[in-house]
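Hello,

Here is the structure I promised to pass on. Please have a look, then read my notes below.

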Amino acid sequence: MTEHREYDVLIIGAGPAGLTAALYAGRSMLRALVIERGIPGGELLNTEIVEDYPGFEHIKGHELAEKFDSHAKKFGAEFEQDTIITLEKLEDGNFLATGESGQTYRAPTAIITSGGTPIKLGVPGELEYAGKGVSYCAICDGHFFRNQVIAVIGGGDAAVEEADFLTRYADKVILIHRRDELRASKILQKRFMENPKGEIIWNKVVDQIDGDGNGLVNSITIRDVNTHQTSTLDVTGVFIFVGFRPNTGIIAGHVDHDEMGYLRTDQNMETSIRGLFAAGDVRAQLTRQVTTAAGDATTAAIAVEKYLTSLRSGAAVPEIVGTGGYSA
């Protein structure tokens, strides 16, 4: 059997939150291991251009990811490419992470930064034009579509709210929904329906996303769910909001979460499981941006250091305050 590899903190996921946590853990002289199934960077690798991260007015997503990565490594963070299948807290208080490789990793603390995954439509052209007209984040990419006609796919709160937000930039925002009524709250529906730039197409689904020959979106093929007739809609952007799935399935045992599965934490980013912290898109919060991921992770890493200091001093770790966490 493979021997456990021992660390001070396990960081599960190497997106902006995981890399920031690694940076601060390294600065605290902790032995930190970042475990990521692929190349470090997370959703930044799926983002063409970033213009809302302080200090970088315009930078490619993969370039910003490389800067996060190299900065974390500069302070001694170790990296392992593996897919964690379970993370459990043992009776001795340590966390044991088991990878698909069969390797196991152990530490008295862990930070979940595994992020979340936008649910895809699964239609031709979606992956091909991701970052080239197809987006899953209005705040991130809306400004690229000034004075254009764009489509938003979905019918829930997120879709309607983001569609209304996008009218700040686009000449027209067409909301496409597969049913004849929206699931979004009435106040959001009313706001969008009263917006002169907004339009709703009912009972339609997207069958295909097409490009202009230069690698950019120029139209979509939509199908009527009742008649099955198809038509073409000329748009230069497609924003997809049909759901977002937090990657929390690896946690063994119950951990407090909201109705969507996002982890609830206290102000120190600690979950309801002592010693388990969360940061970034996996956490229940108002916004999910690179800036909030970095901020969450900074707090989590510093809280981990204080938690470990209490353990090593021989003193009892202070009692939980609220959901997870401990008093100073």
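**What turned up**

Helix α4, residues 157-166, is mostly covered, with seven of its ten residues buried. Bear in mind that this is a predicted model. The buried residues of α4 are A159, V160, E162, A163, D164, F165 and L166. What lies over them?

Next, the cysteines. Searching the whole structure gives one disulfide. It links C137 and C140, with 2.2 Å between their sulfur atoms. Such a link is a covalent bond between the sulfur atoms of two cysteines. Which hand does the disulfide of C137 and C140 have? The torsion about its S-S bond is about 70 degrees, so it is right-handed. Are the two cysteines buried or partly exposed? C137 has 18% relative accessibility, so it counts as buried. The cut-off for buried is under 20%. C140 has 21%, so it counts as partly exposed.

Last, a hairpin. Strands β7 (residues 84-89) and β8 (residues 95-99) run antiparallel, and five bridges join them. In one of these pairings, L87 has A97 of β8 as its bridge partner. Five residues sit between the strands of this hairpin. There, G93 takes a positive phi near 95 degrees.

Best wishes

Conventions
Residues are numbered from 1 along each chain as its sequence is written. This is a predicted model: local features need pLDDT of at least 70, side-chain atom pairs count only at pLDDT 80 or more; totals for chains, interfaces and linings use all residues. Side-chain values use heavy atoms; hydrogens and water are left out. Two strands pair if DSSP finds at least two bridges between them. Helices (H or I, at least four residues) and strands (E, at least two) are DSSP runs, numbered from the N terminus. A disulfide is a pair of cysteine sulfur atoms within 2.5 Å. Buried means under 20% relative accessible area, exposed over 50%, partly exposed in between (1.4 Å probe, protein chains only).
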